[in-house]
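Me: I would like to learn how to read the geometry and the charged contacts of a protein model. Could we work through one example together?

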Amino acid sequence: MPGMPYHLEKGPWLAVLEDYINGSHDRAVELLRYLRSGAPVADAAFFQSPALDDADYAGAEMRVDHMRRDWFGETYDEPAPTFEAATEALLNSPPALPLDPIVDENGSSRSSALRFALDAIDAGLDRPFPQTGFWHRFFGNVEEIVRITMLTALEVSFGISSEEEPPASGANRLPVEIFWKCPQRWFEGWVTWRYDAKQGNGQVTVMLATPGIGKPILQDPIQEETDEVDRSKPRASPPTTQPDPTHVSVANTAKGMWVISHKEHVLLPSIPVAKASGLGAWVTPAFGPAYVGVGPIVIVSPAERDGGVDPDGKKFIEPTGTPKQEAETAA
């Protein structure tokens, strides 16, 4: 899933992933069980599909490497480094002060992260803090956020809890649609759904909301240059219809809206930029704040007053007592 020139996209990778999930009950079950196992996300069978071949990632090995390096900040040989290790790698010499781990057992992960960042600056860090993969000015456990987001979406699709096994056969589940949205300050997964018990249908929508990758967004969305399509002319797609299967209840709720991310996101202190660079060395200044995700990955259902949804939905109430209604009643 390479870089994007728009704030919201689906693209061929997510379109193929949707078909991988929705087109086969067995594939969806297999993917759910794989994600639950804790195995590397980039090694999932989905990435082996030739349907994902393109000029940039022609071959499963290139796609897996892209996900490991660019999305998850790791390589084939080494797992993603900790924030401490990645920061120390930017220092000319090991920090003079002992540095606490970011995630500790006494609940002070936020203060530990800030203290570590300040100690690193005192020790001589004069470059931006490390980032995960190509996520601009963010460091966190992206792989685990993606894993929990996708397995949660599949559980909602099947209408099961995290302790239940998916149905052995059939198609009693809601279809899944996936989008990628950027940029924002840190990495989040969103899982939303609606289920109409009367009609027996609905949908699960996944949003991978990510930081930017340092590439500019198109300021004029119809001016992208391409050799294939004249994007200045709108293209209409024919409507598609799907059979109306009998769906199971989705967690016994009509609607839902969950966010998956780190428990906390710490704003890192600014690194001094007054230090002179070497002769002939041009240093690009870093703009914007940097964040590090700390603590475990959590699933949160935002309160309705904070922008979430009521599990039973909200019904429209016809206004009463308007002048028009009073006139009609009098007539």
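Predicted model: local features only at pLDDT ≥ 70, side-chain atom pairs only at ≥ 80, totals over all residues.

Me: Which residues in α1 and α2 meet?

Reply: From α1, Asp19, Tyr20 and Ile21 take part; from α2, their counterparts are Arg27, Ala28, Glu30 and Leu31. Sorted by class, this contact of α1 with α2 holds four nonpolar and three charged residues, and no polar ones.

Me: I turn to the backbone. Where is Pro183 placed, and what kind of peptide bond joins Cys182 and Pro183?

Reply: Pro183 lies in the loop between β3 (176-181) and β4 (188-196). The bond between Cys182 and Pro183 is cis, with omega about 0°.

Me: What is the phi of Arg137, and is the residue buried or exposed?

Reply: Phi is positive at Arg137, about 60°, although the residue is not a glycine. Arg137 sits in the loop between α5 (109-122) and β2 (138-139). Buried means under 20% relative accessible area; Arg137, at 17%, is therefore buried.

Me: How many salt bridges does the model contain?

Reply: The criterion is a side-chain nitrogen of Lys or Arg within 4 Å of a carboxyl oxygen of Asp or Glu. By this rule the count is 12. One of them pairs Glu177 with Lys10, whose closest N and O atoms are 3.4 Å apart. This pair links distant parts of the chain, 167 residues apart: Glu177 belongs to strand β3, and Lys10 to the loop between β1 (8-9) and α1. Glu177 is partly exposed, at 24% relative accessible area, and Lys10 is likewise partly exposed, at 21%.

Me: How far apart in helix α3 are Asp65 and Arg69?

Reply: Asp65 and Arg69 are four residues apart in helix α3 (residues 60-71), so about one helical turn separates them. Their side chains form a salt bridge of 2.7 Å, N to O. Asp65 is partly exposed at 21% relative accessibility, as is Arg69 with 41%.

Me: Are Arg68 and Glu74 buried or exposed?

Reply: Both Arg68 and Glu74 are buried. They also form a salt bridge, with the closest N and O atoms 3.1 Å apart.

Me: Which residues are linked in a network of salt bridges?

Reply: Such a network links Arg33, Arg36, Glu155 and Glu165.

How values were computed
Residues numbered from 1 in each chain as written. Heavy atoms only, no water. Contact = heavy atoms within 4.5 Å. Helix = DSSP H or I, 4+ residues; strand = E, 2+ residues; numbered from the N terminus. Nonpolar A, V, L, I, M, F, W, Y, C, P; charged D, E, K, R; others polar. Buried < 20%, exposed > 50% of the residue type's maximum accessible area, 1.4 Å probe, protein only.
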